[in-house]
Amino acid sequence: MSLVACGEKETTRGARGAPTRAGPTNSAADAATPLTPVCQHGGAYLGDDAGSLCDCPAGTRGEHCEIYTLALSAGISYTCALQSDEALTCWGDGPTPPPGAFKSVFVGVQTTCAIRTDGTLSCWDHAGAALTPPGGQFLSVATAFGSSCAVTLAGNIVCWGVDGTLRPSPLPDSDFVSVVTGGSFTCGLKSDATVTCNGIATLSGQFTQLSASETDLCGLKIDGTMVCEGATYFGPEKTNSIFKWISVGLSVAGGASHLCAVNPDGSLGCWGASVFGPQPSGVFTAVAAGLSHDCALAEAGSIVCWGGNDSGESTPPKQPGRIADQSNDAGGH
């Protein structure tokens with residue numbers, strides 16, 4: 001959805017340096033009046049000679065300099081998105097996120113943690129209380145019921161409780177680049193794409209992504225196939241398929257999980273326990289599976305959510321110029 005001021009002609013922006021113009025004007029008045037597009041977020045109008053385009057600042061794109069979504073994370077009934085302006089937007093049964101510039105966010109069962117652009121951590125519980133994570137700079141963070149773990153700049157994994165007390169590292173090795181943690185296990189992805197785990201069977205091979213719930217662990221291999229361990233049987237017809245992105249949904253009290261994935265053509269698929277109606281159609285780059293709702297990131301940078309919506313977790317905020325074209329009408333209950 002584009003934004004055009006009243007009485008103005010919409011222009012179309014192709015690749016930078018390849019401007020396109022809108023179609024013929026509808027009246028003599030239109031033809032006689034210079035038309036200026038709406039340039040949001042400090043974008044500068046380049047002038048009629050440049051094709052009536054906006055010169056968009058970093059962190060925006062499109063014909064009117066829209067802010068778009070970079071990443072998603074879904075919890076029980078709380079979801080957060082990292083925006084292209086490095087701000088966080090969260091919705092559902094949880095608090096407004098802290099201000100500032102961030103580069104990643106992870107929503108867990110009780111706790112959400114985000115890494116700021118300077119590498120430090122901010123964590124908060126879903127009742128709104130700020131928590132005290134360890135100091136330092138970090139590459140990756142994950143939270144589970146009662147605990148959180150993060151990868152330091154040196155590649156080590158540190159873990160701590162809800163009260164901030166450090167715990168012995170379940171993985172004393174180094175050279176990790178990302179971490180996932182469940183109720184009783186922790187796994188790290190190393191710089192050589194191998195995986196090391198404690199508390200669950202280690203995945204064999206080389207991987208690009210790990211995703212976990214309280215009871216399940218799945219990894220996306222370099223060749224696009226998926227390997228899973230844990231309580232939920234996802235089926236060989238899925239683990240032998242090729243995917244671009246995977247996300248294991250939350251499980252509580254030892255229950256089974258569901259899993260959503262992005263297929264090579266950008267379409268979505270979900271299976272396992274408690275799949276919430278048909279998945280939305282379109283081309284997607286990532287998906288975030290929660291407990292009773294799921295959200296996906298469209299190729300254009302917008303968000304679509306479906307499933308449970310008792311706390312508004314499937315209804316992202318529709319903020320002009322920040323998140324566009326969301327809906328929660330692609331299935332659900």
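This is a predicted model: local features need pLDDT of at least 70, side-chain atom pairs count only at pLDDT 80 or more; totals for chains, interfaces and linings use all residues.
Is Cys90 buried or exposed? Cys90 is buried, with a relative accessible area of 15%. Buried here means under 20% relative accessible area, and exposed over 50%, with a 1.4 Å probe and protein chains only.

Residues are numbered from 1 along each chain as its sequence is written, and side-chain values use heavy atoms, without hydrogens and water.

Disulfides next. A disulfide is a covalent bond between the sulfur atoms of two cysteines. The cut-off is a pair of cysteine sulfur atoms within 2.5 Å. The whole structure has 7 of them.

Cys90 pairs with Cys80, S to S 2.1 Å. The torsion about that S-S bond is 110 degrees, right-handed. Cys80 sits in strand 4 and Cys90 in strand 5, 10 residues apart. Strands are DSSP runs of E, at least two residues, numbered from the N terminus. Cys80 is buried as well, at 0% relative accessibility.

Second, Cys187 and Cys197, S to S 2.1 Å. This link is right-handed too, with 115 degrees about the S-S bond. It runs from strand 15 to strand 16, 10 residues apart. Cys187 is at 0% and Cys197 at 13%.

Third, Cys113 and Cys123, S to S 2.0 Å. The torsion is about 110 degrees, so this disulfide is right-handed. Cys113 lies in strand 7 and Cys123 in strand 8, so the pair ties together parts 10 residues apart in sequence. Both cysteines are buried.

Stay with strand 7, residues 111-116, which also holds Thr111. Thr111 counts as buried because its relative accessibility is 5%. Its C-alpha is 4.4 Å from that of Asp125, 14 residues away along the chain. Leaving out residues up to four places away in sequence, Thr111 touches Cys123, Asp125 and Phe106, among others. Contact means heavy atoms within 4.5 Å.

Of its 37 lining residues, Phe106 is one of the closest to the centre, with Val105, Gln209, Leu210 and Trp245. A pocket is an open set of points on a 1 Å grid where a 1.4 Å probe fits, with protein on both sides within 12 Å along at least five of seven lines; lining residues have an atom within 4 Å of a point. The lining divides into 26 nonpolar, 10 polar and 1 charged.

Conventions
Helices (H or I, at least four residues) and strands (E, at least two) are DSSP runs, numbered from the N terminus. Ala, Val, Leu, Ile, Met, Phe, Trp, Tyr, Cys and Pro count as nonpolar, Asp, Glu, Lys and Arg as charged, and the others, Gly among them, as polar.
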